[in-house]
Amino acid sequence: MNTSLQQRIQSADLTRTEKRIADYFLDHSESLYFMTARDIAQELGVSDTSIIRLCRTLGYRGFRELQESQRAELAQVMENGRYVIPRRPEKFERAAQLLLQSEHIFISGFRGFSGSARYMGVLLSQYINRVTYYCDADTRCVEGLIDYGSQDCVVVFGAERYSRMSCVLAQIARDAHCRLIVITDKLTAPLAVGADIVLLADFTSPTAVNSYLGVNFLVEAIAFEVSRQLGVFPQQRLSRMDHYLSELHLY
């Protein structure tokens, strides 16, 4: 089975320079075949040798083999008629399976991600009764996660500049062999190392602050897939919840 460029990068232990080059490879994966190692080196301000060294670190014999691999992958995508709208249905399905198969679910996101983490926690709580979410980076996060294990799932949000708390929580999850889902901006993010699923979002915005539309789309896609896999099972719970929320006028 051919290992994709994304899988190779995610599983590799890269230096800071190699991560810059790897991010460039991912951002330009559809046009790498038309570039040379020198073109990329000049644009990034690194040596040609650095490009070749990274290719070998990723398991390719050189830059040409990486290019051929990307060309073959793109040709297969186009042949299968999937080169219209980028989609990740398999990842959403897998994420939903991990969540539903877990005994406990821990969700964390801070600062700009606090809204998305809370949103995901609220949505999943409609269907699952074992969801905990943290939006403040204090010791309660570590206290809440420290007893998690291999039958539990951790969801961590984070983007450059990656918060120290998010990185530590991801490390705790890895050390405890938890199922780990990461929503971030780059596959080379420190949060993504060893994750079961990495979902990438575009944070570009015409304003001075990041846009979280892409993140919230991912959250809704995962929640939809959870509800789809559950079918009618949660309806009774939702009806009871709606009864009491209506009494409180909380809609």
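This is a predicted model: local features need pLDDT of at least 70, side-chain atom pairs count only at pLDDT 80 or more; totals for chains, interfaces and linings use all residues.
Let's start with the aromatic side chains. The model holds 8 aromatic pairs. One of them joins F113 and F157, whose ring centres lie 6.1 Å apart. Their planes make an angle of 40 degrees, and the pair is classed as tilted.

Where do F113 and F157 sit in the chain? F113 is in the loop between strand 1 (105–108) and helix 7 (114–125), while F157 belongs to strand 3 (residues 153–157), so this pair ties together parts that are 44 residues apart in sequence. Buried means under 20% relative accessible area. F113 has 7%, so F113 counts as buried, and F157, with 1%, is buried too.

Y212 lies in the loop between strand 5 (197–200) and helix 10 (213–230), and the pair links parts of the chain 99 residues apart. Is Y212 buried or partly exposed? Its relative accessibility is 24%, so Y212 counts as partly exposed.

Ring pairs link F113, F157 and Y212, together with F203, into a cluster.

## A charge over a ring

Now look at R8 and Y60. R8 lies over the face of Y60, at 4.1 Å from the ring centre.

## A nonpolar patch outside

On the surface, L245, L248 and L250 form a nonpolar patch. Together these leucines have about 280 Å² of accessible area. L245 is part of helix 11 (residues 235–247). With 31% relative accessibility, L245 counts as partly exposed.

Conventions: Residues are numbered from 1 along each chain as its sequence is written. Side-chain values use heavy atoms; hydrogens and water are left out. Patches are made of residues with over 30% relative accessible area and no salt bridge: like charges are joined within 9 Å, nonpolar side chains (Val, Leu, Ile, Met, Phe, Trp, Tyr) within 5 Å. Accessible areas come from the Shrake-Rupley method with a 1.4 Å probe; for residues, only the protein chains shown count as cover. A salt bridge is a side-chain nitrogen of Lys or Arg within 4 Å of a carboxyl oxygen of Asp or Glu. Helices (H or I, at least four residues) and strands (E, at least two) are DSSP runs, numbered from the N terminus. Buried means under 20% relative accessible area, exposed over 50%, partly exposed in between (1.4 Å probe, protein chains only). Rings of Phe, Tyr and Trp (its six-membered ring) pair if their centres lie within 6.5 Å; planes under 30 degrees apart count as stacked, over 60 as edge-to-face and the rest as tilted. A charge sits over a ring if NZ of Lys or CZ of Arg is within 6 Å of the ring centre and within 35 degrees of the ring normal.
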